2 protein chains.
Amino acid sequence: MSLDHYPRGVLVPVLTPFHQDLAVDDQRFVDHCRWLLAEGANGLAVFGTTSEANSLSAAERVSLLERLIEQGIAPDVLMPGTGCCALPDTVALTRHAVERGCFGVLMLPPFYYKGVSDDGIYGSVAEVIERVADSRLRIYLYHIPPMAGVGFSLSLIERLLKAYPRVVAGLKDSSGDWKNTHALLEAFPGFEVFPGSETRLLDALRIGGAGCISATANVNVAAISRLTRDWKSSNADAMQQEISAVRAAIQKYPMVAANKAILAQVQDAPEWDVVRPPLRALSAEAKAQLFASLEALHFSLDHRVPAV
Amino acid sequence: MSLDHYPRGVLVPVLTPFHQDLAVDDQRFVDHCRWLLAEGANGLAVFGTTSEANSLSAAERVSLLERLIEQGIAPDVLMPGTGCCALPDTVALTRHAVERGCFGVLMLPPFYYKGVSDDGIYGSVAEVIERVADSRLRIYLYHIPPMAGVGFSLSLIERLLKAYPRVVAGLKDSSGDWKNTHALLEAFPGFEVFPGSETRLLDALRIGGAGCISATANVNVAAISRLTRDWKSSNADAMQQEISAVRAAIQKYPMVAANKAILAQVQDAPEWDVVRPPLRALSAEAKAQLFASLEALHFSLDHRVPAV
């Protein structure tokens with residue numbers, strides 16, 4: 001299966017901005033998406049873990065995706081997250097994304113019940129595919145056991161690829177386990193595997209990885225994108241070291257709040273600090289420490305208004 | 001705070017029946033609720049884990065609750081589950097339950113993000129209370145870390161009780177950890193603690209427990225109800241042993257599928273076997289084993305049409 005027409009490289013799990021009253025700030029979201037694309041993002045994996053997607057209602061996701069497309073973001077760079085606990089929600093969000101022309105969807109397994117069988121997760125994905133029943137559907141499996149508590153085993157992926165080779169297109173691997181990423185790339189050539197972090201991006205690209213989908217791309221997309229483009233150049237290892245150092249500094253803090261804190265600072269927009277519960281904004285102290293460690297890495301925190 | 005006017009005893013986390021196409025079977029649900037009340041249930045904790053509530057969309061839950069009340073189930077025996085990952089969903093379902101006169105709601109914490117702080121969970125519950133803004137609201141916290149991955153610590157409960165003493169009325173403890181149940185009953189007199197199983201029901205009642213909310217009450221409510229009524233009688237320990245043995249036999253299998261299998265058998269209604277993915281129905285082999293072990297306990301599996 002040739003998938004060359006799909007975005008590869010760095011896809012951003014776009015942060016979702018809120019107003020102080022916790023309502024979604026649609027316009028800031030659209031502006032942030034435009035800025036990410038201008039800075040070099042190859043695609044936008046809106047409605048992921050970093051996007052607080054599971055803290056949004058299904059209706060909020062539909063409306064936000066509509067808004068993005070209305071305002072001129074090309075649907076063929078969009079990979080919205082659509083996997084919910086309830087089959088009717090997953091089907092509705094997936095159908096909507098396909099109908100609006102999104103190139104793919106990023107699908108969490110149903111994540112409330114723990115200890116479920118591969119058969120049960122297979123059944124869930126299969127039901128979605130059969131119910132959406134659209135040849136344009138491309139599913140990227142979202143493997144993030146540390147949050148979801150359930151995930152996609154190699155044998156389950158093999159079974160899904162056998163049954164739905166034209167639909168099941170790839171996987172985001174947020175296991176945090178390089179051995180798993182490596183095993184996936186080895187087992188399924190042509191299957192688009194995106195590690196959920198840029199920390200081993202170069203290693204992944206060298207063995208056929210599709211790129212990465214990383215939270216910190218919200219604040220460092222230009223540098224990550226450069227590596228996905230120039231990974232065969234002689235200074236690729238140095239580029240990897242640089243983006244890994246920034247990632248390491250940020251991931252000492254809760255990821256969503258830390259990335260939002262950085263955007264609040266560089267855009268001089270305190271509303272970026274707002275998260276929905278159960279997440280919490282960074283404390284002033286944590287922010288000061290984070291900013292100091294980023295400055296030590298020459299990561300610019302100067303105010304800059306994104307040119308969109 | 002006197003809570004004597006609320007149901008105590010056995011509350012049933014009502015199984016949700018589906019048609020073969022996975023649509024909710026409203027009428028069978030209403031009939032099952034009527035039968036449970038006729039058999040001695042003191043209340044119905046619809047939309048819990050056993051109900052596959054997180055496999056239902058918010059709209060399905062609203063419509064099913066409407067249907068129940070329309071068909072004459074008294075809202076003052078209802079404690080619907082309303083806790084979702086997304087604040088807008090939790091607020092909408094909670095408001096709906098209060099407006100329809102339900103005596104309380106059973107509230108999961110937002111359960112997608114793991115490793116969140118007590119502050120974050122507090123923030124979520126507080127937002128729901130402030131947004132629903134209705135003096136009739138009574139919240140029962142749903143503590144089920146084995147599924148939700150997050151839960152309510154003693155210090156968090158203390159903080160919630162201090163801030164919202166008239167709203168935060170009790171807790172369902174599905175930790176499976178008797179030490180936790182014991183600690184809750186000791187720490188918060190008057191707070192209505194329902195263990196999530198009948199296995200230690202008598203122990204709980206003897207130290208002030210409110211009763212239990214148990215999956216297996218879907219198939220054994222008369223016997224459990226008898227113990228909550230006659231727990232001071234001389235044969236209470238024997239009654240406890242009997243219901244514990246039935247519970248032990250059932251919980252060797254996945255709880256939802258096992259309870260549905262029993263209802264399919266005793267009601268001669270194979271549709272009861274249908275579960276939504278990611279759950280799976282019991283295999284014929286598992287059913288045969290389950291039924292044999294129940295028969296060994298003189299648990300009747302004879303066909304009986306519920307008199308409703």
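Mentor: Let us begin with a definition: a disulfide is a pair of cysteine sulfur atoms within 2.5 Å. Keep in mind throughout that what stands above is a predicted model.

Trainee: With that cut-off in hand, how many disulfides does a search of the whole structure find over all chains?

Mentor: The general idea is that a disulfide is a covalent bond between the sulfur atoms of two cysteines. In this structure the search over all chains finds 0 disulfides.

Trainee: Does A:Cys85 count as buried or exposed?

Mentor: A:Cys85 has a relative accessibility of 11% and so counts as buried, and B:Cys85, at 10%, counts as buried too.

Trainee: Turning to where the two chains meet, how many residues of chain A are in contact with chain B?

Mentor: In this model 40 residues of chain A are in contact with 40 residues of chain B. The area buried between the two chains is about 3200 Å², and carbon and sulfur atoms give 65% of it. On the side of chain A, the residues that lose the most area to chain B are A:Tyr112, A:Tyr113 and A:Pro278, which together account for 26% of what that side buries.

Trainee: What is the peptide bond that leads from A:Pro277 to A:Pro278?

Mentor: That bond is cis, with omega near 20 degrees, and A:Pro278 lies in the loop between α11 (255-266) and α12 (284-296) of chain A. In chain B, a cis peptide bond joins B:Pro277 and B:Pro278, with omega about 15 degrees, and B:Pro278 is placed in the loop between α11 (255-266) and α12 (284-296) of that chain.

Trainee: How should I read a sheet, and in which order do the strands of the open sheet in chain A stand?

Mentor: As a general idea, in a regular strand the side chains alternate between the two faces of the sheet. Here 4 strands of chain A form an open sheet in the order β3-β4-β5-β6, with parallel pairing. Each of β3 (105-107) and β6 (192-195) has a single partner strand and stands at an edge, so one side of each is left without a neighbour in the sheet. Neighbouring strands of this sheet are turned by 25 degrees against each other on average, direction ignored. As one pairing to trace, β3 of chain A runs parallel to β4 (residues 139-143) over 3 bridges, and A:Leu106 stands opposite A:Tyr140 in β4.

Trainee: Which strands does β1 of chain B pair with?

Mentor: Strand β1 (residues 9-12) of chain B pairs in the parallel sense with β7 (residues 211-213) over 3 bridges, where B:Val10 stands opposite B:Cys212. Another 2 bridges join β1 to β2 (residues 43-44) of chain B, again running parallel, and B:Val12 has B:Leu44 as its bridge partner in β2. Between β1 and β2 the chain crosses through helix α1 (residues 26-38) of chain B, and this β-α-β crossover is right-handed.

Trainee: Finally, what is the phi of A:Ala133?

Mentor: Phi of A:Ala133 is near 45 degrees, a positive value in a residue other than glycine. A:Ala133 sits in the loop between α4 (118-132) and β4 of chain A and counts as exposed at 60% relative accessibility. B:Phe47, also not a glycine, has a positive phi of about 65 degrees, but B:Phe47 counts as buried, at 5% relative accessibility.

Conventions. Residues are numbered from 1 along each chain as its sequence is written. Chains are lettered from A and ligands numbered from 1 in the order in which they are written. This is a predicted model: local features need pLDDT of at least 70, side-chain atom pairs count only at pLDDT 80 or more; totals for chains, interfaces and linings use all residues. Side-chain values use heavy atoms; hydrogens and water are left out. Buried means under 20% relative accessible area, exposed over 50%, partly exposed in between (1.4 Å probe, protein chains only). Two strands pair if DSSP finds at least two bridges between them. Axes are lines fitted to C-alpha atoms, for helices over the stretch in contact, and angles run from 0 to 180 degrees between N-to-C directions. A crossover is right-handed if, with the strands pointing away from the viewer, the path from the first strand over the helix to the second runs clockwise. Contact means heavy atoms within 4.5 Å. Buried area is the accessible area (1.4 Å probe) that two parts lose on being put together, summed over both.
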